[in-house]
Amino acid sequence: MLTGRILIVSDRQEVVAELEPIIRAGHHLALAVPDGDEALRTLEEGTIPDVMISDLGSERSLEGIEYVWRFREMNRVGRHMVVVEDGAPFSGAFGGGVLPREVTPLPRPFHAGEVREKIEDAVRRIDRDLVALRGEMYRELARLQQAMKELVRETVNALAATIAARDPYMHGHSTRVAELAGRVAEALGMGPHHRELLETAALLHEIGKSSIPLELLHKTEPLSPAELARIRGHARTGAEIVRNVPLLREAAPLIEHQNTDYAELAGELGAGSSEVLLAGVLQVVDAYDAMVSARSYRGPMPREYWEETLRAGAGSRFHPHAVGALLRIVLSPES
């Protein structure tokens, strides 16, 4: 059972001397302050008791009565007890509006067994309420996490919609790459977080092309070196766009290095980094979909071409594990 911290608010030394042994006999920690102001100071300094005992026979215990309300604000599951006795200065205040009604009376003269049982009951209830509160917190955390995921997805969809509005091909390409990248990630044994991160990066990997004129993207004649450099620079532009959205920032390195050769990825992203494989998958799937899809200036590439390109590039241009997983998927009889 929980070991409780019990704070006694009383300037009557005889009351403190009677209560402390009873509290300690139950293996709880007993603290004592002489008045409400000191109790409030104790709370503000960060010592939050589980049980507060106010002595209604002590005039000073209700000085600075706001400590009672502050205690309830700071400890949702805490319990409040009051020492009551015939002829005490505040005996008529109990339940009369000075103190909260949810208090447990401790009649004086004290009967050790009765006081101990009330304290034990209070601590048991606190322990039970803490379990319920943890469950409530976990449920709220799960709800917030789900809301965050939905917000990320809505943000990604909104950005992807800007791509589709400008060039339907790019959106269709990004959607296909995201779906296939998710399958490759699953085949490689990636966890849900990395799969979702990869799919997000895939949906947004073409967003940098929004800064490139459509006539250049759809140009059928050979590109000049300057035009080619501008198109290849879309990855960095897209990464900068995504970095400015805090919820999507983690996808930026994958977008930036979507065209980086496998042989250079470790140097760019760090040897052993999970981003190496993630960026490698994005690059391989992106290249595959580009080859098998029709463009304004050509039709889809034949299997002999794209399969040989991927196999020949494995280990140099492309991540070998990503190539292997992709080929197993696309060459499967079920695909």
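Contact here means heavy atoms within 4.5 Å. The model is predicted: local features need pLDDT of at least 70, side-chain atom pairs count only at pLDDT 80 or more, and totals for chains, interfaces and linings use all residues. Residues are numbered from 1 along each chain as its sequence is written, and side-chain values use heavy atoms, without hydrogens and water.

Start at Leu326. Leaving out residues up to four places away in sequence, Leu326 touches Leu180, Val184, Val284, Val285, Tyr288 and Leu310.

A nonpolar core is a set of buried Ala, Val, Leu, Ile, Met, Phe, Trp, Tyr and Cys residues joined through side-chain atoms within 4.5 Å; buried means under 20% relative accessible area (1.4 Å probe, protein chains only). The largest such core has 47 residues, and Val281, Val285, Leu310 and Leu326 touch the most other members. Helix H12 (residues 274-292) contributes the most to this core, ten residues. Helices are DSSP runs of H or I, at least four residues, and strands are runs of E, at least two, numbered from the N terminus. Another core lies apart, with 21 residues, including Ile8, Ala30, Met81 and Ile119.

Now turn to the strands. E1 (residues 5-9) and E2 (residues 29-33) pair in the parallel sense over five bridges; pairing takes at least two DSSP bridges. Ile6 has Ala30 in E2 as its bridge partner. From E1 the chain crosses through helix H1 (residues 13-25) to E2, in a right-handed β-α-β crossover. Right-handed means that, with the strands pointing away from the viewer, the path from the first strand over the helix to the second runs clockwise.

Technical notes:
Buried means under 20% relative accessible area, exposed over 50%, partly exposed in between (1.4 Å probe, protein chains only).
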